[in-house]
Amino acid sequence: PVRVVDMRHELRAGNRSIFSRALHRALESTLNGGQQAILFLNRRGTATYVFCRDCGFVLRCSNCDSPLTFHGARELLVCHHCGRDRRMPERCPNCGNPRIKQFGAGTQRVQAEVERLFPGVRTIRWDWDTTRSKGAHDLILQTFAAQQADVLIGTQMVAKGLDLPLVTLVGVISGDVGLYLPDYRAPERTFQVLTQVAGRAGRGLLGGQVILQTYDPDHYAIQAAAAHDYPAFYQAELALRKELGYPPFRRLIRLEFRDSAEAKAQKEAERLAGLLAARIQELGLRRTDLIGPVPAFFRRVRAEYRWMVVIRAPDPLKLLPEDLPRGWIVDVDPVSLL
């Protein structure tokens, strides 16, 4: 069984912990019974980003323009795109105020909170930071399977294929992560990973339960994952994709231009979009349209700005220019629009 917990109700009840009351009670019961638990979080590090509580300034990578993630074990801010790191500043680089702090929950923070709430509990983390050395994956899994740890805290790695009879509880810290990314496959990925991680509990004679924490309990992907109901998700997702003209009803081509100068990337994307729009009108392609030109979701990666144009059509290859200038990346039937 999967219990969906509305975290909005927890806030209204005065619970500001990363654990709902239901998950806290279930963890306590599981540990008292000598059983094991898995806590799943779809992100790594200690915090998701660092910001100033006075001016709102967010610390970003100078190379990629993406928010830096605080990793408490190394006391560093790390870019998860290019790997560049820097020390945590004592004051805000924008306004000089010392009220700069980490925000959000990562695997390290969840581990620390479990150890604070349950003194003596044996925890182990399974994420990118703990598996960079050779053989680390096998060592972590062997340690947990040998019951040398009580709680396994991890990212997507813990969702895949584990068959551990003593795991009677899976807690999903935040089921919403990734659900509203600007990509038509975001609900599908959320449903997929939640269904996978829910399958890790109750694989032995002891049975088990899943507690899924979310701020959007009524979303069809959350509801379907909680019910282990693939047909319900399929029908809801298919109806939405048909309405919006996404695969499998139409095909996509993602055209991306990268350059160290954003003005050049933008200009080139606008130029190509203009040519494509004129071609659509010339050929009278009624079920063909363009998304963009717009900056990519990760606007700057490894010191290059990214602008994109997406062709949405029954046969987008008809529209694809044969003489694209150097610098364009063409992705036919892309698996991601990010």
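## The sheet around β12 and β14

Strand β12 (residues 251–259) and strand β14 (residues 304–313) run antiparallel and are joined by 9 bridges, where two strands are said to pair if DSSP finds at least two bridges between them. Strands here are DSSP runs of E with at least two residues, while helices are runs of H or I with at least four, and both are numbered from the N terminus. Within this pairing, D259 stands opposite Y305 in β14.

The model is predicted, so local features need pLDDT of at least 70 and side-chain atom pairs count only at pLDDT 80 or more, although totals for chains, interfaces and linings use all residues. Residues are numbered from 1 along each chain as its sequence is written, and side-chain values use heavy atoms, with hydrogens and water left out.

The open sheet is formed by 4 strands in the order β13-β14-β12-β15, with antiparallel pairing. Because β13 (289–301) and β15 (328–332) stand at the edges and each has a single partner strand, one side of each is left without a neighbour in the sheet. From one strand to the next, the twist averages 20°.

Helix α8 (residues 262–283) lies across β12, β13, β14 and β15, and runs at about 10° to β14. Such angles, from 0 to 180 degrees, are taken between the N-to-C directions of axes, which are lines fitted to C-alpha atoms, for helices over the stretch in contact; contact means heavy atoms within 4.5 Å.

## Helix α5 and its cover

Helix α5 (residues 186–198) has 13 residues, which at 1.5 Å a residue should span 18 Å, and its end C-alpha atoms are 18 Å apart, which agrees; the expected span is 1.5 Å times one less than the number of residues.

Among the buried residues of α5 are P187, F191, L194 and V197, where buried means under 20% relative accessible area, exposed over 50%, and partly exposed in between, with a 1.4 Å probe and protein chains only. The cover over the buried residues of α5 includes β1 (2–6), β2 (36–40), β10 (167–172), β11 (209–214), α6 (220–226) and α7 (230–244).

## A buried glutamate, E10

E10 lies in helix α1 (residues 7–12) and, at 6% relative accessibility, counts as buried. Leaving aside its neighbours within four places in sequence, E10 is in contact with V5, N15, S20 and R21.
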